[in-house]
Amino acid sequence: MKSSSRKVPSSRFSRLVHLGGLAGQVASNMLLEGARQTLQGQPVNRTDLLLQSKNIHAVAEKLSHLRGAAMKLGQLLSMDAGDLLPPELAMLLTHLRADAMPMPYKQLIGALEQELGQDWLDKFSHIELKSFAQASIGQVHKANAEDGQPLAIKIQYPGVAKSIQSDVDNVVSLIKMTGLLPKNINIVPLVAEAKFQLLAETNYQQEANYLQQFACGLAKDTRFKIPKVYQSLSSKHLLTMEYVSGEPLAEAVALPQPARNKIMATLIELFFIEMFELKLIQTDPNFANYLFNKDPLQIVLLDFGATRVVSDTISSGYKSLLGAAMEQDHAAVKQAACDIGYFDTNIAPEYCDAVIELFLLATTPLRYNGPFDFANSKLSKELSEKGLALNGRSNEWHTPPVDALFIHRKLAGLYLIAAKLQAKVDLTALQTYLK
């Protein structure tokens, strides 16, 4: 029987051995199955060899064991590049997004002692050793403060911060080994940024700071709830917050149409508030980072690890870009993109025009006259097709500003949530943020 918990390898060497062993296991399975098919006179297909159930299980199980950067990079690649990758590789990468197994109690207690001291238990009136949520770099436990206040304690897996560089490099090697990564897909900038972002996400003190900034900036907006931080019970690798109840956002699909529309309109408006008022953007818009309460309708915002500061230049640049896109002013869109730093001076005119068309297509819901039907729109398919065609022009491709990549990821993620909630949203009122 599979264990419900498993110790997280914490040293760089032990993690290297695990990932190296995974690459060897995948290669061995491919070799043995290929030999078997050859002996039986069957045609050998590299894709089928890679995606045999043994390999998919091995990848999912190993990265669930390692947690950390190995799993997080798989999440980033499958989310950001999924539509640009071959279906076979995209399918394999989806298995890197499974939840991690929790730490065994002995390792958990060691982590609590390391972060809060030998007297950690005296700081709480109660703590549940069984986690209620696991993610790529940490797990979350319910507890109560000495005054009885319900708490949520996020504890980082041991060794995650120290292993980021090697974990990311090893996963990239594993992906390249499959031979399915197109040569014209340049993942180097994404990998470099993944290392930087992951290192930032392991600093829970920084996350606590972002969480408090969001709480302050949205304090008067009753549509949102942000958990309170308990600084005295937090550290660099442990974050203690107020426990906030709510329903998982994915379950909002069962709500009446008007409620789903309202949730989605609020989340997309939050993107504009982040960009142009708070100048602080949470760049990981997945279902797990939101809860909702129905009466009155309120959205709970969780997990601020992937937050980025938005500079005045980027904020004003995107205000101009979105405003020009709403007016379908090609020249103004190009100028705004140049101001952001999106184009090199020697960019080919045809390539520049193709990127501008992609911008205009992506902003279709923002200028649509009336409620935009995200579920029945062909927008995602069209964006995927045009993005794939653009990426195929590898001789002209260049890396856009890193901030732009994460901003686009945020908006694309919100569109995906809107489609899954089958929301129909009129976004024309958001033009007031662009004046």
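Biologist: Why is Glu242 called buried?

Modeller: In this predicted model, where local features need pLDDT of at least 70, side-chain atom pairs count only at pLDDT 80 or more, and totals for chains, interfaces and linings use all residues, Glu242 has a relative accessible area of 19%; buried means under 20%, exposed over 50% and partly exposed in between, with a 1.4 Å probe and protein chains only, so Glu242 counts as buried. Residues are numbered from 1 along each chain as its sequence is written, and side-chain values use heavy atoms, with hydrogens and water left out.

Biologist: What makes Glu242 and Lys225 a salt bridge?

Modeller: A salt bridge is a side-chain nitrogen of Lys or Arg within 4 Å of a carboxyl oxygen of Asp or Glu, and the closest N and O atoms of Glu242 and Lys225 are 3.4 Å apart. The pair links distant parts of the chain, with Glu242 in strand β6 (residues 238–242) and Lys225 in strand β5, 17 residues apart; helices (H or I, at least four residues) and strands (E, at least two) are DSSP runs, numbered from the N terminus. Lys225 has a relative accessible area of 27%, which is why Lys225 is called partly exposed.

Biologist: How do you know that the span of helix α10 agrees with its number of residues?

Modeller: The expected span is 1.5 Å times one less than the number of residues, so the 22 residues of α10 (residues 257–278) should span 32 Å, and the end C-alpha atoms are 30 Å apart, which agrees. Helix α10 is mostly covered, 16 of its 22 residues being buried.

Biologist: Why is the pair of Phe271 and Phe272 called edge-to-face?

Modeller: The search of the whole structure finds eight aromatic pairs. For Phe271 and Phe272 the centres are 5.6 Å apart and the planes stand at 85 degrees, so this pair is edge-to-face; rings of Phe, Tyr and Trp (its six-membered ring) pair if their centres lie within 6.5 Å, and planes under 30 degrees apart count as stacked, over 60 as edge-to-face and the rest as tilted. Both Phe271 and Phe272 are buried, and together with Phe276 and Tyr433 they form one aromatic cluster.

Biologist: What makes Lys279 and Asp312 a link between parts of the chain?

Modeller: Their side chains meet in a salt bridge at 2.8 Å, N to O. Lys279 lies in the loop between α10 and β8 (280–282) and Asp312 in helix α11 (residues 312–326), so the pair ties together parts that are 33 residues apart in sequence. Asp312, with a relative accessible area of 53%, is therefore exposed, whereas Lys279, at 28% relative accessibility, counts as partly exposed.
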